[in-house]
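Thanks for coming, everyone. Please have the sequence and the model open while I talk, and stop me whenever you like.

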Amino acid sequence: MLRATDASVPQWADTPTIPRTRPQHDVFLGIDVGSTTVKLVAVDPAGRVLFHRYVRANGQPRETLLRASGLFEETLPGASTLGVGLTGSGGEPVAHIVGGVHANELVTQCRAVGARHREARTVIEIGGQDSKFLSVRWDEARGQMTLLDFAMNTLCAAGTGSFLDQQAGRLGIEIDGEFARLALASRSPARIAGRCTVFAKSDMIHWQQQGVPLEDILAGLCLALARNFRSVIGKGKSFTPPVLFQGGVARNAAVVRAFEEVLDLEPGGLVVPEHPDLMPAIGAALLAMDEAREGREHPFRGFGALEASLRDGADGERSLAPLAPRPTTVAVGSREPRPAGATATSVCLGIDVGSISTNVVLLDEDDQVVARRYLPTAGDPIEAVRRGLSEVGEETDTRVRVVGVGVTGSGRHLTGHYVGADVVRNEITAQARAAVAAVPGADTVIEIGGQDSKYIRLCGGVVVDFAMNNACAAGTGSFLEEQADRLGISVERDFARRALAAPAPACLGERCTVFMESDLVHHQQRGASLENLTAGLAYSIARNYLNRVVAGRPIGERVLFQGGVAHNAAVVSAFEGLLGRRLTVPPHHDVTGAIGAAILAREARAARPGEPTRFRGFDVADRPHATRSFVCRACPNLCEVQKVTVSADRPLFFGARCERFERKEPGGARQGRRETIPDLFAERRALLYGDYEAPGPRSPRRRRIGIPRVLTFHDLFPFWRAFFRHLDMDVVLSDETNPHIVRRTAHAATSETCFPVKLVSGHVLDLLEKDVDDVFLPAVLDREDPAPGQPHSHYCPLIPAAGYMVGARLEIERRGARILAFPLSLAERRTRPHELRVVARRLGVSLRKVLAAAARGDEAQRAFSEALRTRGEQVLRELTEDGPPAVVVVGRPYNTCDPGVCQDLPGKLRKLGALPIPVDLLAGGRVDLGSAHPDMYWRSGQEILGTARIAAAEPRLHCIYLTSFHCGPDSFLLTYFRRVMNGKPFLELELDDHTAEAGIVTRCEAFLDSLTSAREARR
C-alpha cells in the first residue's frame, strides 16, 4: 500500500524566479538539454538560483531553449553572463553551436549534490528517459563530492519519466497532480512488472480489463518503477542513506513513497532537494563558475548562434525516400452508418474492448453498420462499454431489436458477463471474419491497433496462419500517439499532413519502442524538422510490423489494412511503398473487431434457432457495478483476484489460475473438455519426482541437501534424487515458483539474464529458510546423450554459471549454509571421478561411494527418459483427427514445466480444449538432424529442431514455441525452427516475470481457432 506521507516534498512551478535585488546581475548559466525537457538556470557568484525554467521540449529542444533564453533575458535584463555550462543528452551538440563548457551528467550531478547536500551517500536520479544510481561521499580534504560508484540505464527507458507520462496521458489524468493523488489513495496496489516498459503496460491493461480500480493500478506502477530501479539499475548495490531523490520523477509524491517502501525507508527518509529536476543544470552552472575562477576560458557565443543554426537546418543524417499519398490505396463500401428502418430492424451487437479503445457496433442482417461508437477505454473498460451501449441505444431508440451479441478484445471475458454475450471470441477470429465480410477474396490482413499488431493469413476465408506482436508495443497506435504527443502534434489532425510533406524522412529504425524513441530523441537533438520526424515514425511503424510481426511470412495480393492506425495516410503510404502493392482500407477499419464479433454472434444464433439472446439490454448501462481486488491465499500462487459485482447479480471473479472462483463462460468456443483430456504435464511431473517425499524434522545424523527447483532440476532431478538417497542424505526442495519467490528474485538478481536464470536467486533464498546444510548448485556443462551425428550436447553457459553468480551475490555461507557448486560433465565419463571428488570431499564420504551413487543416478535418469518416450509413443498412437488438437509445448523444461514460469500454459491449453504435450515425450533429441545442422551444440537446440522435424511431418501435431526474454540460444534457434517447420504454422510465446495473462490466452485461443478452421476446411 502506498501511504500518504508527511515527507517534505517541495512544490515546483515552471514560472521563473524573479529576484528582488539590484537590477544588474553577474550570472552563470546552466543548461540541461534532456530527452524530454529543457532546463535553464541562472545562479549568482554565491551559487544562489536567480532564475530557473523547466519546460517540455515536445520534440523541439533547440526551439524550446531559445524561448527559455528569451524569458531569461526578459526576467534579468542586462544580466552579465560570466560563463555557461551545458549537460544532458542533447547538451553536447548545442555546446558546439553556442560555446560554453560541456560536462557529463554524472559530473554535473555530483557538483550540484556537493553544493546542496553534502550529507548524501546515495543519489537516485530519474528523468525523462534516463535513470542513474550514484554512490557518493563528501571528501573534506579535497572539498568536493566524490563519485564512488554509478549505474545507468542503457537504451531502455523502462521506469523513467516518459513512461509515466505516457500512461498518464493514455488514462487521461494529469501527471503533475492527479496521478500522485490517486496513487496515494490505493489500498491494494496491483502487481505490475517494471522490467520492461511494454510489459508493464501489458500488465496495466490486463488489470484494467479485469476491473481493478485505477488508483491500485497507478500505485502498482509506482512500486514497479521503484522495484525496477532497485533490481535493474541498482543491481544489488547498497542504497546507503541518506538517499537523495532527484530528476523530474521526484516531483511525484507517489513515486517518492514507493521508493521509501521498496528501500525500507521510514516515511520522509527519502530526501528530495529543493529543485530535484534542476540539479544537473545547477551543477552545470557551478562547473562553469569553477572554470571561470580557475582562469579557463570557454567563450559563450550567445543564443543568436543557436537561432542561426535552426535557420540553416539539421546536421546531415541518413534519410529515407519521401512519402506520397498513393492513388492505389482504396476503401471499400461506405463509412456512413445505414439508418435503421421505420420498423424494428434485427441487429447483432458487436463489442471490442481493447487496451486503448472500446468499440460498439450494431450490424444489420446485410452486414451493414446501423450505429457505431469508437471510445477511449481510458483504463475503465466497463465504463467505456456502459457509455457505448447508452449512446447507441439512445441513437437507435426502439428502431432496432438485438438478436445476438458478440464480444472480443482483451477485455472480452469481463465484458461478456457484463452485457450478456452470446459469443466471446478472440481478436484474431473476429478480425478475420470482418475482413472476409468486407472482401471475400482477401488473403492477408494487416491489423494495427492501440496495443497489438496482428498478421492474419487467409485461404478460402479460413485462417491458416497468424502472428501477433509478442509483448512489445513498438509499431502500434499507442506508440504513434505517444510520440506525436512528444512532438506536440495531433496524431489525428497533423501527423499525416506533416509526414507526407517531409522532404527527407528520418531513419529511426524499427526496433523496440524505447529504442525507436531514443533514435527520435537523437534526431531531435540534431535539429531534425517535425515533418522529417513524423515521416520517419510512419516508416518505423511499417518496418517494425513487417520485420517483427510478419517475420518473413508470405503477404498475398489482396491485403486489407485494419485497425485505428489504418486511418493514418502516411502509415498506409509507408506500407504500400515497402510492399510494392496497394492496400484495401475498409470504411470501418477502426471497428472491424466489433464488426467481426457481431457477425460471429449472428452465425452462432443461426446455428441455434429459437434460442433467445443473453443480452441484458441497453439499460445495463444504468446498472451500478463495483470492483474489489484481493489476494487468494489458498495456495502459494497468491493470485490477485478481482471481484466484480453488477447490481444484485452473482459476483464475477477474474485473475485466479485455478478454477476456485470460476463459473461457466457464455459463448466460449471450448467448454467442459478439460476433465476428459489427459494431463501429460502432470504425468511428467510424477515421473520426475518419482517416490520423492519431503523429509520430516531434521535428524542429527542425516545431512540436509537443499536443491532449488530451477534450471536442470526439471530434467535431472531423477539423477540427484537417487544420488543422495544412496548417500543416505535428505533432499529438501525449494517451494515451487510463486509470487513470493519472484519478488525476492527481483530484489536479489544482479544480472540481466533470462527469467529462469534470475529465479535461481529467489529459490536459493527460499532454501536458506529451510534449515539446509548445503545448497546444491552443480555446474552441469552438458548431457550424456547427444542427438545422432552430433558431437556435443551443451547446456546454455548461463546454466553452469548460475550457481557461481548466486553464490557470490547471496553470501550463502554467511547465512548458515554451504554452497555445493562444482563443474560436472555428464558426457565425459573419464572426467567424472575427478569432478565428483570435490563432492566426496565436501560431503565427507568416500569417492567410491559417490561414484556408486552416481551410477544409481544414471539408472534413475535412464528410467525417467525411457518412461517419457514410452508414454510419448503411446500418445502418438492414440491421436485422432477428430480428437482435441495436440499441441507440443516446445522449449526447455525449466520454461515449459515450471508452472510459475510458463504461467501454467499447459493448464490454459487443456482448459481451451487442447492436448498439451511435453516436448521430451516426442524424443526429438533422438532425431538425426543430418547435414542441415552438423554441429548443433546446444542440447536444447537438438531437441527443439528434432521436434520440429517430427511435427512438420505429422499432421496431427502442432507446436507452441515457448521462449523467454533475453534467451540467447533462442535468438537464432527460432529461425532454424521456422525453417524446419517448412511453412506449417506454429505459435510463438515469449514469457517473463510479467503477470498479464490476457495476451497469452488470446494468442492460444486464436491459434486453436485457426487449427479448428483448417480442420473443418479439409473436411
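M152 is partly exposed, with a relative accessible area of 34%; buried here means under 20% relative accessible area, exposed means over 50%, and partly exposed is in between, with a 1.4 Å probe and protein chains only. You will find M152 in strand β8, residues 144-152; helices (H or I, at least four residues) and strands (E, at least two) are DSSP runs, numbered from the N terminus. Together with L147 and F150, M152 forms a nonpolar patch on the surface, and the accessible area of the three together is about 230 Å². Patches are made of residues with over 30% relative accessible area and no salt bridge, with like charges joined within 9 Å and nonpolar side chains (Val, Leu, Ile, Met, Phe, Trp, Tyr) within 5 Å. The accessible areas come from the Shrake-Rupley method with a 1.4 Å probe, and for residues only the protein chains shown count as cover.

A quick word on the ground rules. This is a predicted model, where local features need pLDDT of at least 70 and side-chain atom pairs count only at pLDDT 80 or more, while totals for chains, interfaces and linings use all residues. Residues are numbered from 1 along each chain as its sequence is written, and side-chain values use heavy atoms, with hydrogens and water left out.

Now to the inside. In soluble globular proteins, nonpolar side chains tend to be buried together. Here the largest nonpolar core has 90 residues, and those with the most contacts inside it are I707, W720, F723, F724 and F977. Such a core is a set of buried Ala, Val, Leu, Ile, Met, Phe, Trp, Tyr and Cys residues joined through side-chain atoms within 4.5 Å. What does W720 touch, not counting residues up to four places away in sequence? The list is I707, F776, P778, F822 and L824, where contact means heavy atoms within 4.5 Å.

What about disulfides, meaning pairs of cysteine sulfur atoms within 2.5 Å? A search of the whole structure finds zero. Take C967: the closest cysteine sulfur, in C754, is 6.1 Å from its own, too far for a bond. C967 is buried at 16% relative accessible area, and C1004 also counts as buried, at 1%.

On to charges. The structure holds 53 salt bridges, each a side-chain nitrogen of Lys or Arg within 4 Å of a carboxyl oxygen of Asp or Glu.

One of them joins E427 and R412, with the closest N and O atoms 3.4 Å apart. E427 sits in helix α13 (residues 427-438) and R412 in helix α12 (residues 412-419), 15 residues apart. Buried or exposed? E427 is buried at 6%, and R412 is buried at 1%.

Next, E557 and R581 meet in a salt bridge at 3.9 Å, N to O. E557 lies in the loop between α17 (530-550) and β19 (559-562), and R581 in the loop between α18 (569-579) and β20 (583-584), so the pair ties together parts 24 residues apart in sequence. E557 counts as exposed, at 60%, whereas R581 is partly exposed, at 24%.

Then there is R685 with E736, at 2.4 Å, N to O. R685 is partly exposed at 39%, as is E736 at 34%.

Note on methods
A disulfide is a pair of cysteine sulfur atoms within 2.5 Å.
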